[in-house]
Amino acid sequence: MSLDRMQSPELITPHFIPVFRASEIKLNNGLSVYVINAGTEEVIKLDIVYPSGVTGKNNYSIASATHQLIDTGTSSKKAIDIAESFDYYGAYLQTDFGPDWKTISLFSLERFFNETMKNLLEVLNGAAFPDEELENWKTRSIQSIKVNREKVSWLAKTTLNATLFGDDHPYGISLEENDIANLDAGTLRNFFRSSYPIEKATIILSGNITERVVKVLNATIGKLEFSQTNTLPYSFSVTHTDPSKRVIEKKDSVQSGVRIGKIMFSKTHTDYPALQIVNTILGGYFGSRLMSNIREDKGYTYGIGSGVHPHLHSGYFFISTEAGTAVRDAAITEIYKELHRLTVEPVSDTELLLVKNYLIGSFQRSLDGPFALADRFRGIHLFGLTYDYLDNYLQLLQSITPEKVMEVANKHLQPESMTEIIVG
């Protein structure tokens, strides 16, 4: 049979996408390791995810600096020596810090995993936070703050978070120069000793995992002793705030940064998956209503979007854009029109089908490869969810109706419930 290249292939919508599961193994010291044994390449990734240990603004600066400087020196090695010890084996360390979790990730070739794990263990056991490295980091960080303060988009984002959660709350903190300048190495060392208990960490191993890799883990992390005491906080409260509007003058700015949003909830909330779908219609992809109206039709902005960000103990919804001063107010008016439209006008079957197909494709791409699968597992496990959450996603997606979209929008996206920040 000949192939007719003038005819589009049949579109087949999957009703179930199997998700490769993580398996759990126990190390000799009782630690659990979640293993994604997938892929054919010999590159593997080890994620060690700790609770962040953040309580307030002063503590946030200490925790953030400690984590970012964890690999800058030990009692016997300088930062360049540590970097070269990983680079020699084609490996590298990556750190990530947030208000809920802090992560150390090791990327390594399987055949050199023993050597790279010894290097990692040296860092975990002996991080020294040399004064010279700390001072260099403080200089870079303070300069970065000064540069960001000139960006209306950054100011709008940080101001919205501080307005919603409070400027001393872990979810609303924005560090200033003094928060960085007052740090000292002794404080960082003390925080490091008390705030990296391996027994509180979630350990995820992904890639082409062999028996040799597991043996190396047992010979390294499997020999670590548990902390007798630690001061890590594991929960904090979130107080909902009343809607407000704030304008920050920045007279030398050509554009205004606009951030509109409200406190929402974590991904454990029953409405979270449906809210993601409603958000995608509104501003969650390039063909969204906000993009089509305010960028494509009106030409008020180069880009605009919305998002739903889940924290462990809360979350928030936001709309973000930059617009010229002359059209800023008109753009904001259209934003609220689109929010209101969601609450009173059913989405068409055609638009809803387009968004569903987009989300199905995004979901499939998010499962491509062992590292992506590890990220998916992390995204449910840290929130206390199971694979049922992912298994039910397509079923939920297919069941969403125009009426359900309106219901969720009326429940969570009423225009009058929003806090508005304008910088410009």
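The structure is a predicted model, in which local features need pLDDT of at least 70 and side-chain atom pairs count only at pLDDT 80 or more, while totals for chains, interfaces and linings use all residues. Residues are numbered from 1 along each chain as its sequence is written, and side-chain values use heavy atoms, with hydrogens and water left out.

## Overall build

The chain has 16 helices and eleven strands. Helices (H or I, at least four residues) and strands (E, at least two) are DSSP runs, numbered from the N terminus. The radius of gyration of the chain is 24 Å, close to the 22 Å given by the globule rule for 424 residues, so the chain is as compact as a globular protein of that length. Here the radius of gyration is taken over C-alpha atoms, and the globule rule is 2.2 Å times the number of residues to the power 0.38. The C-alpha trace spans about 70 × 65 × 40 Å along its principal axes.

Of the 424 residues, 53% count as buried. Buried means under 20% relative accessible area, exposed means over 50%, and partly exposed lies in between (1.4 Å probe, protein chains only). The chain exposes about 20500 Å², and carbon and sulfur atoms supply 50% of this area. Accessible areas come from the Shrake-Rupley method with a 1.4 Å probe; for residues, only the protein chains shown count as cover.

A contact means heavy atoms within 4.5 Å. Among contacts between residues at least 6 apart in sequence, 81% join residues at least 24 apart.

## Charges and salt bridges

The mean positions of the 41 positive and 50 negative charges of the chain are 1 Å apart. Lys and Arg count as positive and Asp and Glu as negative, whereas His and the chain ends are not counted. The place of a charge is taken as NZ of Lys, CZ of Arg, CG of Asp or CD of Glu.

Side chains of opposite charge can pair when their charged atoms come close. A salt bridge is a side-chain nitrogen of Lys or Arg within 4 Å of a carboxyl oxygen of Asp or Glu. A search of the whole structure finds 23 salt bridges, including those in the table.

| Salt bridge | N to O distance |
|---|---|
| R328 and D329 | 3.3 Å |
| K337 and E334 | 3.4 Å |
| E407 and K404 | 3.4 Å |

K337 and E334 both lie in helix α11 (residues 328-344), three residues apart, about one turn of the helix. K337 is partly exposed, with a relative accessible area of 48%, but E334 is buried at 10%. These two residues also belong to a network of salt bridges that links D297, K298, E334 and K337.

E407 and K404 are likewise three residues apart, about one turn, in helix α16 (residues 402-412). E407 is partly exposed at 45% relative accessibility, and K404 is partly exposed at 26%.

## Buried residues in helices

In helix α10 (residues 289-297), the residues R289, L290, M291, N293 and I294 are buried. The cover over the buried residues of α10 includes α9 (272-283), β9, β10, α11 and α12 (349-365). Just after α10, G299 takes a positive phi of about 70 degrees.

Helix α9 contains V278, which is buried with a relative accessible area of 1%. Leaving out residues up to four places away in sequence, V278 touches L342, V405, V408, A409 and L413. V278 and A409 are 131 residues apart in sequence, and their C-alpha atoms are 7.1 Å apart in space.

## Buried residues in loops

Is S314 buried or exposed? At 3% relative accessibility, S314 counts as buried. S314 lies in the loop between β9 (304-310) and β10 (315-324). Apart from neighbours within four places in sequence, S314 is in contact with F165, Y171, V238, I263, M264, F265 and S266.

Another loop, between α3 (113-126) and α4 (131-148), holds F129. F129 has a positive phi of about 50 degrees although it is not a glycine. F129 counts as buried, at 1% relative accessibility.
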